[in-house]
Amino acid sequence: MLRELIDKIYLEREMNRRKKGKERIRFFISEAGKCPRNIFFKFKSVPAEEIEPERLRIFEEGEIIQQRILRHLFSLGIVRATEIEIPPHELISGRADAVISFTEKNLSELGITKEGDVEVGIPYVLEIKSISGKINSKRLPIPEHINQLQLYLHYFKIKKGILLYLNKDTQEIHEFILEYDKNLVEKILEWFSKLKEKIELNVVPIRLSDWPDNWQCKNCEFFEICKIAGEKEILWEKLKEEIQKLERFS
């Protein structure tokens with residue numbers, strides 16, 4: 001009984017969120033390097049499959065973890081700002097979790113004496129990510145997360161950032177300090193620009209090469225329509241015709 005009621009709350013909340021969704025005109029920084037088709041379908045407001053309540057609770061847990069970590073960092077006196085929007089941009093929008101910095105007093109109070117681990121007086125962009133399962137730290141940081149952090153460093157003109165991972169199952173924490181990589185940022189921005197062209201020309205991008213085994217495919221809300229589209233690029237109008245044919249015979 002309670003399970004059904006709780007599931008209903010999550011599903012109704014998600015439905016209301018989708019109804020209030022605005023027409024997409026910009027990319028989100030968090031989409032950097034992710035499946036181009038998924039992003040294309042979101043720009044075209046393609047009806048998405050219903051997300052299971054379990055997944056919605058997983059998303060919510062990630063937000064709770066972020067708030068919990070930030071609360072602890074605030075108590076240490078190293079947080080300078082949170083939820084910071086990048087400067088207005090015609091192509092991309094995004095909001096970083098936090099900007100932190102350390103003073104000599106901070107380090108003394110925290111008992112940090114190792115030289116080279118932390119630089120005093122410079123800002124760091126902080127991105128907090130929650131992960132689950134048995135994690136091989138050698139596979140971290142995740143490329144999409146690196147892309148995201150690099151874009152924040154670019155738009156905030158900050159030289160260093162930190163990716164902080166917390167494993168929801170084991171409560172392990174892994175952190176990675178990354179320096180601004182101009183070449184990588186240029187490649188990411190070029191990737192976004194090319195995807196924008198396809199969206200404007202109504203050309204559905206090619207499918208991921210490792211479909212359907214890619215982790216993004218596992219729970220994709222556009223899995224079926226992507227399957228119909230096939231492996232190669234296809235005109236959006238042509239794909240809509242294919243979908244309508246299937247609907248008539250279903």
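Mentor: Keep in mind that this is a predicted model. Met 1, Leu 2, Leu 5 and Ile 6 make up a nonpolar surface patch, and together they have about 450 Å² of accessible area.

Trainee: Which helix does Ile 6 lie in?

Mentor: Ile 6 belongs to helix H1, residues 2-19.

Trainee: And why does Ile 6 count as partly exposed?

Mentor: Because its relative accessibility is 40%, and partly exposed covers the range between under 20% for buried and over 50% for exposed.

Trainee: OK, the sheet. What is the strand order?

Mentor: The order is E2-E4-E5-E6-E7, an open sheet of five strands with mixed pairing.

Trainee: Which strands stand at the edges?

Mentor: Strand E2 (79-85) and strand E7 (173-179) do; each has a single partner strand, so one side of each has no neighbour in the sheet. On average, neighbouring strands here are turned by 25° against each other, direction ignored.

Trainee: In what sense do E5 and E6 pair, parallel or antiparallel?

Mentor: Parallel, over eight bridges, with E5 spanning residues 124-131 and E6 residues 160-167. Within that pairing, Ile 131 stands opposite Asn 167 in E6.

Trainee: Which strands does helix H3 lie across?

Mentor: Helix H3 (residues 53-76) lies across E2, E4 (95-100), E5 and E6, and runs at about 140° to E5.

Trainee: What about H5?

Mentor: Helix H5 (residues 143-156) lies across E2, E4, E5, E6 and E7, at about 160° to E5.

Technical notes
Residues numbered from 1 in each chain as written. Predicted model: local features only at pLDDT ≥ 70, side-chain atom pairs only at ≥ 80, totals over all residues. Heavy atoms only, no water. Patch = residues over 30% accessible without salt bridge, like charges linked within 9 Å, V, L, I, M, F, W, Y side chains within 5 Å. Areas by Shrake-Rupley, 256 points an atom, 1.4 Å probe, with all protein chains shown as cover. Salt bridge = Lys/Arg side-chain N within 4 Å of Asp/Glu carboxyl O. Helix = DSSP H or I, 4+ residues; strand = E, 2+ residues; numbered from the N terminus. Buried < 20%, exposed > 50% of the residue type's maximum accessible area, 1.4 Å probe, protein only. Pairing = 2+ DSSP bridges. Axes fitted to C-alpha atoms, helices over the stretch in contact; angles between N-to-C directions. Contact = heavy atoms within 4.5 Å.
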